[in-house]
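Subject: The structure we talked about

Hi there,

Here is the structure I promised to pass on to you. Have it open beside this email while you read, and I will walk you through what turned up.

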Amino acid sequence: MFTSSDTHPGDYPTVQAVEHMGALLQRETNGRLGIKVYPGGQLGSETDMLEITSFGALDLNRVNLAPPNSMEPATIPFALPFIFETVSHMRRVVDSAIGDEVLASLERHNLIGMCFYDSGDRHFYNTRRPIRTPADMRGLKLRVPASDLYVAMVNALGANAVPIPFGEVNQALSQGVIDGTENNWPSFLSARHYDVARNFSLTAHLLTPEVLVMSKATWDTLSPSDRLLVKQAARQSVPVMRRLWDARVNEARETIKAADVAVNPVENEAFAALMRPVWANFVTSPQQASLVERILGESA
Ligand code: GTR
């Protein structure tokens, strides 16, 4: 039985998708291979779990790209603000040779990239005031995942970035340690950030996918035919994840609107104009530049 970690609760699409992958493996091998997912961040933060996976103490791990961003430059282009125009643009890219190249880049960190999952559109939200223009962000303390790129993006808007693990955000919001953060609709809802952060702003600054990785130590113990089975099961979990995800985003959006959260439109171009310049500081190698060019070339 492979072990897998996820920061989200058991009913979240990422957890369900990895469980689906496990069920496929069990069926294909008459129960010889399978996956036990530990949800809800019970094993630890994404950053710690990724490290542990690369050491070989955890078999599988589903994470946001923020922790891999700090380890592998080739993962940066997918996490640049406003690089993907639409969800279908993002899906087309991760399904192409570009996605394969980024997955393969993780191997030098002892991680085997399995597949990418959706994470939808990320938006800023806070406890203080409606945000409609970047000027409204000035001075706000905003939580980000542990990633220099996120810190730079938030600071570029004139706010103050505070890196905190996802599992601690709710408490930090309630206690006023931070004024707000950013995330997608399903996380805003399921992590109950909306209980305290009642101002949601439609910035849609990121459409970054998430990634499922296997420890190379585990991968190395598998026969070539088992590796194929594992890779196939991961790929087959992607359309399942996308279906669950789309439904979950719609549900979350409706629930949030009905919960009387102020959902504010913003001047997206004004946000993009301030956030895009961070590209220059994070796209520094020929491989990254080529990835960026090819990603943009896939837009409709
Ligand atoms: C969520 C993502 C998680 C986690 C979280 C965060 O959207 O699914 O993996 O990384 O964001 O902001 O830390």
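Let's start at the ligand. A polar side-chain atom of Arg62 sits 2.8 Å from one of the ligand's oxygen atoms. Keep in mind as you look around that this is a predicted model. Asn183 also points a polar side-chain atom at a ligand oxygen, here at 2.6 Å. For Glu46, an N or O atom of the side chain is 2.5 Å from an oxygen atom of the ligand. Which residues come nearest to the ligand? Out of 14 residues around it, the nearest are His8, Glu46, Arg143, Asn183 and Glu210.

Now zoom out to the whole chain. It is divided into two domains, and each is made of two stretches of sequence: domain 1 takes in 2-118 and 209-255, while domain 2 takes in 122-206 and 257-297. Taken over C-alpha atoms, the centres of domain 1 and domain 2 are 23 Å apart.

How many residues of each domain are in contact with the other? On the domain 1 side there are 34, and they touch 38 residues of domain 2. Between them, the two domains bury about 3100 Å², and carbon and sulfur atoms account for 67% of that. In domain 1, the residues that lose the most area to domain 2 are Pro81, Phe82 and Arg253, which together make up 23% of what that side buries.

What holds charges and polar groups together across this interface? One salt bridge is found between domain 1 and domain 2, along with 13 residue pairs in polar contact. Several helices of domain 1 take part: α3 (66-69), α4 (87-94), α5 (97-104) and α10 (224-258) each supply at least two residues of the side that touches domain 2. Of these, α10 gives the largest share, with seven residues. Sorted by class, that side of domain 1 has 20 nonpolar, nine polar and five charged residues.

Next, the salt bridges in general. The count comes to 18. One to look up is between the side chains of Glu101 and Arg294, with N and O 3.0 Å apart. Another joins the side chains of Asp11 and Arg248, at 3.7 Å from N to O. This pair links distant parts of the chain, 237 residues apart: Asp11 is in the loop between β1 (2-5) and α1 (13-28), and Arg248 is in helix α10.

Finally, have a look at Ser174, which belongs to helix α7 (residues 169-174). Where does its side chain reach? The side chain of Ser174 comes to 2.9 Å from the backbone oxygen of Asn170.

Happy exploring, and write back with any questions!

Best wishes

Note on methods:
Residues are numbered from 1 along each chain as its sequence is written. This is a predicted model: local features need pLDDT of at least 70, side-chain atom pairs count only at pLDDT 80 or more; totals for chains, interfaces and linings use all residues. Side-chain values use heavy atoms; hydrogens and water are left out. Domain bounds come from an automatic or database domain assignment. Contact means heavy atoms within 4.5 Å. Buried area is the accessible area (1.4 Å probe) that two parts lose on being put together, summed over both. A salt bridge is a side-chain nitrogen of Lys or Arg within 4 Å of a carboxyl oxygen of Asp or Glu. A polar contact is a pair of N or O atoms within 3.5 Å; within protein, one must be able to donate a hydrogen and the other to accept it, and residues adjacent in sequence count only if both atoms are side-chain atoms. Helices (H or I, at least four residues) and strands (E, at least two) are DSSP runs, numbered from the N terminus. Ala, Val, Leu, Ile, Met, Phe, Trp, Tyr, Cys and Pro count as nonpolar, Asp, Glu, Lys and Arg as charged, and the others, Gly among them, as polar. A residue is near a molecule or strand if one of its heavy atoms lies within 4 Å of it.
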